[in-house]
Amino acid sequence: MHEAGRWFGALAVLAGAMAASAGLAGAVDGDPAVPAHALAVQAPGEAAETCLLCHDSPAVTPILRTAHATSPHSGFAERGCATCHGESQGHLRNPRQIAPDIVFAGERASAPAEQDRACVSCHRGQAGMHWQGSAHEAAGLTCTACHDAHADRQPAIERVTQAETCFSCHRGVRAEALRPSAHPLLDGRVVCTDCHAPHGGPGPALLSAGAVNDTCYRCHAEKRGPFLWEHPPVREDCLTCHRPHGAAHASLLTQRTPFLCQQCHLAQFHPSTASSGTGLPGQTLPSGSGNLLGRDCRNCHAQAHGSNHPSGAGLTR
Amino acid sequence: MRRPRFRAVALGLMLPGLALADCRELALGLGEFGDAAFRYGRFAGIEPRGGFAVLDLLLCRVAHADDATYWHIQGSDLALSSRELRAEYGEQGAYRLWAAYRGLPFVAGTGRTPLHGAGGTGLDLPPDWAGGANTAALARLLPSLGEVALGHERRLREAGFALWLRRHWQLESRYRDESRDGLTVLGGVVGSTGGNARAIALPAPVDYRTREADVALHHVRDGWQLRTGVLLSHFDNAHAALRWRNPFSGVAGWHPAAGFPDGSGQLALPPDNRFVQLSVALGAALSPRTRLNADLALGRATQDEPFLPYTVNAALAAGIVQPLPRASLDGRIDTRRLVLRVDSRPGEHWRWQLGVRHDERDNRTPRDEYVGIGGDAQDQDASPASGQRRFNLPVGHRERQLTAVVGYRVSSRWRLDAGLEHEEIDRTWSARSDSEETRVRLDLRGRRDDRLAGGLRLLASERGGGNYLGSRPFLDGHASAYTATVPGGFENLPGLRQFHLADRDRVQAAMYAQWMPVDAITLAIEAGRTADDYDASEFGLQRSRIRNLQLDASIAPTGGLSAHAFAARERLAFAQAGRSFLGGANRLAQANDPARDWFARHRDTIETVGVGVARAFDGNRLTLRADLAGSRTRGTVHVATGAALASAPLPDNSARLRTLDLAADWRLADAVALRLRYRIEDFDSADWALDGVAPNTLANVILLGQDSPDYRARAAMLSLRWRF
């Protein structure tokens, strides 16, 4: 308690010092997040200035600090807001009645393809390459469903916040990530784009690597082999046995072992044995079935992903 | 059940700015962990018992209209093993350089083992060890147990650059170096036949390194884009093998030298491998409404780690009469993938898409004959009819898929997509050398207005294929002189259909809807059902049913209040069948005896809930947030057997996770805020395969005695946020 009090005291002193120091930095009125010097050196361009006469709001102006405005290739310096929203002459003449040429949200939003075209015209080499015909595009999503072109922080891109963006549609994945065995999506240590290409790609389920196994090998390269003794379903598709986002069973397995193993292996003696409560430990030790307890089949068949040992044909070596 | 204590008093001294312009931020903190909780810190920087420091950092310069250069450095949890640090420097539209580091710890609990030397490649027994034929005879087992911490830590280092060479060209490269160190569990068995197998759970070293480099050249034109790339991936394992001294002795059927004290076992750790892939991706607008995508990737995976000897035991090695056919595998898999897709919008209402996918894993690994030594315990049996005379099966496959989708906008509110897919897979050395599946999809999406939208997805598929020859891997993998001696000529029951190869009928339906009754409230529902039937499978997986339901609600009225809630439930049910049969004289009779049938019905129910509320006061000067989330999992297995077998019920397995996260942010000044955070995580689980199963419970296997995870963790943090 005494020690905790000292820490809190030190924290309070430091807090005061920082508060005093921060007070010297100052900020722009009405937008405390933006220091005065930041806007002072950032010329938005003539066209943007016209728009900002009406649209000078915290939801709009952060774009001036992003690559959308500062990149020499964006065209923003010459065309300002018209770069993405179109020349919008009608809107300039009659802003209340006529919408800009391209609108990305709200009741007057442009058609999805028209919105996408504005983005893809610049991002055609990366995000745009596979976008048309991708699962997300086919589902009617537009770029602004995930991205805010005006914001200087992009939750869909930053690792800490990306999952929440994806969960807004893929709600079931959030629930899967709370299961006893799960990839650390909620911890932010693995993010959706570590495996998926949300703008489309050659792989199934928007996988960026082109195939399920190639995706898994990026972090689990030790399972790539080839091995002397292969386990055929492993070679073909990791998802034969694993659920990628989260599972009720250990190691992201779809079902509980040894029963999962016995859906493919029913040979004489122990592989075909009926595993049930008769294999649980009894009153006296030792007792219980080695096929059922501990790591069950893997108590001996440790190399389920393949073995390179010349005597490991049974995946025990 | 063990209850790890997690005691954390985190005094965060955090100075982050808000990063909306040039930013300078720093975070410092102190805390203490009382113990290593299994899940709370599993990926979140679990540290050894004692104090820890918190250090966060964010410095940046944004590009300006008159100077397009920018940079930023961002770090979090820098004093913990889960630290992340990323730095980037570049000029908008010209170049970009970046580097990153990420730590990813994984804690897998602790175990108890009599073996010494965990972390190395040779595991030994205590000097006073006395062997025995089973655990009951191992008098020194329990007194010799020592604790080992399982888990590993990944350290990921990345660097890359992007360079806009000329207006239409961009060069991009990325290098990634990941190391992984720690301990995992592998089962080490000695002996292999006639009931003479004895095993011990081994703490196996993880000392991996994966290096990956990717270079791509983009050429971007208005009408078409081209990307050519090279990917190199090298996996290296610092350890080729794990050897352990055999704790058992005097087991019938073993060579006298196989048991304690002279005998050892050895298994191979994952071998080094290499992968290289060349890829070309083309995107082209064939017309203003039609686009072509083509992706070609040609790769080669190789593995040529020197083989370990048939046995690590010198006495057995001396008796080898048929040596290894080669010194290393010279394994090679050539991968060829071509994906073509044409997508078109011929009119306002219509859309169509045609796709072709060819994905081939051509396994060119040499096939040879190996005469293994079963579990380092027996003399090599090189007789022509030896069951140890084995041929490796370099399995590969070729997948071809055709896809056609037609979409029609029925009205401004409704859209219907219909798809047809046909997939064919050819396999080598497989029980089913060719299979095919046809899928039909319907996707109906509707939107009444901005407040109500939803949809329905339906899928029906039928998988079949050529003859299922269940014994083919057995016959191809053994000497014919041996298989001729096996009654019936099969290994697995002839009626078994391995589920990934079996005929399967699938029906899948899902619906979803989202409703905004008022601006501030959004309600959503998703429900789905998947039914798989394996009607042609006498044994193996026969039926699978998965049902899920999810409800979501979010409320964001004015006044700075927002709240969300979700609840999900998934129920998975599986049915499988088997028939228990022994070897020897009764093998065929039992393999054909329905009285020896058994059936297992599985039901896993997973319920997940979450609710959160946030409230801002005084113009965001004070915000309060509370999030509660959790999941409950229950798994049941019901086994029924025929008259010739006996069975008993299995207890249910369960797991329950509950987390509570409370946060309060109080902005003291424009750039200074105080944060108070409190977090509880509670995890309970029950697993009959682990709980109460000690290292000496089983007669023939020495386990690690791990209980299923069960803990409660708490953390409290007071931090100061500051931008300067």
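1. Helices, of at least four residues, and strands, of at least two, are taken here as DSSP runs numbered from the N terminus. On that basis chain B of this predicted model holds four helices and 33 strands.

2. As to overall dimensions, the C-alpha trace of chain B spans about 80 × 65 × 55 Å along its principal axes.

3. On the surface, a patch of negative charge is formed by B:Asp434, B:Glu436, B:Glu462, B:Asp505 and B:Asp535. One of these residues, B:Glu436, has its place in strand S22, which covers residues 434–449 of chain B. B:Glu436 counts as partly exposed because its relative accessibility is 38%, and that class lies between the limits of 20% for buried and 50% for exposed.

4. A reader may also wish to look at B:Arg625, which lies in strand S29 (residues 622–641) of chain B and, because its relative accessibility is 32%, likewise counts as partly exposed. Once neighbours within four places in sequence are left aside, B:Arg625 is in contact with B:Val613, B:Ala614, B:Asp661, B:Leu662 and B:Ala663. By contrast, B:Glu399 stands 226 residues from B:Arg625 along the chain, and the C-alpha atoms of the two are separated by 50 Å.

Terms used:
Residues numbered from 1 in each chain as written. Chains lettered and ligands numbered in written order. Predicted model: local features only at pLDDT ≥ 70, side-chain atom pairs only at ≥ 80, totals over all residues. Heavy atoms only, no water. Patch = residues over 30% accessible without salt bridge, like charges linked within 9 Å, V, L, I, M, F, W, Y side chains within 5 Å. Areas by Shrake-Rupley, 256 points an atom, 1.4 Å probe, with all protein chains shown as cover. Salt bridge = Lys/Arg side-chain N within 4 Å of Asp/Glu carboxyl O. Lys, Arg positive; Asp, Glu negative; His and termini not counted. Charge placed at Lys NZ, Arg CZ, Asp CG, Glu CD. Buried < 20%, exposed > 50% of the residue type's maximum accessible area, 1.4 Å probe, protein only. Contact = heavy atoms within 4.5 Å.
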